[in-house]
Amino acid sequence: MNRAGAPDRLSKAMRQLGFSVIRVRQGARRAAAGRWRGVLLAGRQVVPVVLGRSGVRANKREGDGGTPRGRFRLVRLWWRPDRLARPCTALPVRRIDRSLAWCEDAADRRYNRPFRRSASEPGDRLWRDDRLYDLIIEIDHNTKPRVAGRGSAVFVHAARPDRSPTAGCVALTAADLRRLLRQLGPNTWIDIR
């Protein structure tokens with residue numbers, strides 16, 4: 001509320017601009033570089049994205065470098081509180097700390113889930129120096145049911161400065177990611193084709 005008691009215009013605008021589905025479309029499939037370039041469509045916004053080095057794959061497997069094809073719910077935002085203020089989003093938000101990792105071992109009962117990692121344990125460490133994981137949107141790929149070997153740690157996160165391919169995630173500039181977060185809610189889906 002503002003001082004006059006009227007609803008805050010920004011909050012009202014954010015609720016009206018929320019998306020139920022954002023779409024990701026792969027670039028030209030003929031060119032090798034086209035497989036891992038694409039666009040994210042959110043309302044009237046068209047944002048360039050980087051995909052997995054193998055492009056979009058209908059039959060995603062662990063380590064194949066593919067971004068999974070399908071429609072997935074956006075589960076939550078993970079964020080580094082030491083680098084950024086809490087982002088403005090309607091998604092559920094969780095903090096990333098130094099011990100947090102994502103299990104990529106298909107033989108582990110924690111497969112495709114976050115866990116507290118000791119220094120000697122394998123896993124995709126979420127506390128990174130390169131800033132790619134300062135903000136991570138978790139999607140529900142391979143969660144219900146969780147199938148060993150069908151892919152893990154598929155996120156929406158910041159792209160590398162050279163826009164090189166990901167290991168299977170969807171990546172966009174950090175600025176585009178922060179703008180997008182303001183328009184996402186707990187019932188938003190991502191459709192990847």
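This is a predicted model: local features need pLDDT of at least 70, side-chain atom pairs count only at pLDDT 80 or more; totals for chains, interfaces and linings use all residues.
Guide: Local features here need pLDDT of at least 70, side-chain atom pairs count only at pLDDT 80 or more, and totals for chains, interfaces and linings use all residues. Residues are numbered from 1 along each chain as its sequence is written, and side-chain values use heavy atoms, with hydrogens and water left out.

Visitor: What is a salt bridge?

Guide: Side chains of opposite charge can pair when their charged atoms come close. The term means a side-chain nitrogen of Lys or Arg within 4 Å of a carboxyl oxygen of Asp or Glu. The structure holds 13 salt bridges.

Visitor: Where do Arg179 and Asp176 lie?

Guide: Both are in helix H2, 3 residues apart, about one turn of the helix. Helices (H or I, at least four residues) and strands (E, at least two) are DSSP runs, numbered from the N terminus.

Visitor: Which salt bridge links distant parts of the chain?

Guide: Asp191 pairs with Arg71, the closest N and O atoms being 3.9 Å apart. Asp191 is in strand E14 and Arg71 in strand E6, 120 residues apart. Arg25, Arg71, Asp191 and Arg193 are linked in a network of salt bridges.

Visitor: Is Asp191 buried or exposed?

Guide: Buried means under 20% relative accessible area, exposed over 50%, partly exposed in between (1.4 Å probe, protein chains only). Asp191 counts as buried because its relative accessibility is 5%, whereas Arg71, at 44%, counts as partly exposed.
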